[in-house]
Amino acid sequence: MQSGPDLDLAFAALGDPVRRALVTRLARGEATVGELGEPFDLTPQAISHHVGVLRRCGLVEQRREGTRRPCRLRVDHLTRLGSWIDEQRRTWDDRLDALEEHLGGPEATR
């Protein structure tokens, strides 16, 4: 896998509400799959599947600590997604500002 998150995979992964909830939980700190699954009415296998999707797109990493396998959020990769979104927002803000200016400013639309 490349050094950063794959945007398509990451956004597809975050399209699922369970995975978004897992990311939100991991933003508070590390957790095992069992801990991540506590608030859900899902099997441990289903939670593992969701964690696997987040791992494959680079948003989560998991390591061994004896018998535990805590997961943690890859904040650097999440930050890259945020940067991409910010860049798109700036581009569209600039375009909308140019359109408003072209149309004669906010007074012209009244």
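Is R89 buried, partly exposed or exposed? At 47% relative accessibility, R89 counts as partly exposed. Keep in mind that this is a predicted model.

R89 has a partner. D86 forms a salt bridge with R89, with the closest N and O atoms 2.8 Å apart. Both sit in helix α5, residues 75-102, and they are 3 residues apart, about one turn of the helix. D86 is partly exposed as well, at 34%.

Now the other salt bridges. The structure holds 8. Take E30 and R63: their side chains meet at 2.6 Å, N to O. This pair links distant parts of the chain. E30 is in the loop between α2 and α3, and R63 is in the loop between β1 and β2, 33 residues apart. E30 is partly exposed at 36%, and R63 is partly exposed at 36%.

Next, E61 and R72. Their salt bridge is 2.5 Å, N to O. E61 lies in strand β1 and R72 in strand β2, 11 residues apart. E61 is partly exposed at 28%; R72 is partly exposed at 35%.

On to the core. The largest nonpolar core has 20 residues. Among those touching the most other members are V51 and L54. Elements giving two or more residues include α1, α2 and β2.

Look at L54, in helix α4. L54 counts as buried because its relative accessible area is 0%, and the cut-off for buried is under 20%. Leaving out residues up to four places away in sequence, L54 touches A13, R19, L22, V23, L59 and V60.

Terms used
Residues numbered from 1 in each chain as written. Predicted model: local features only at pLDDT ≥ 70, side-chain atom pairs only at ≥ 80, totals over all residues. Heavy atoms only, no water. Core = buried A, V, L, I, M, F, W, Y, C linked by side-chain atoms within 4.5 Å. Buried < 20%, exposed > 50% of the residue type's maximum accessible area, 1.4 Å probe, protein only. Helix = DSSP H or I, 4+ residues; strand = E, 2+ residues; numbered from the N terminus. Contact = heavy atoms within 4.5 Å. Salt bridge = Lys/Arg side-chain N within 4 Å of Asp/Glu carboxyl O.
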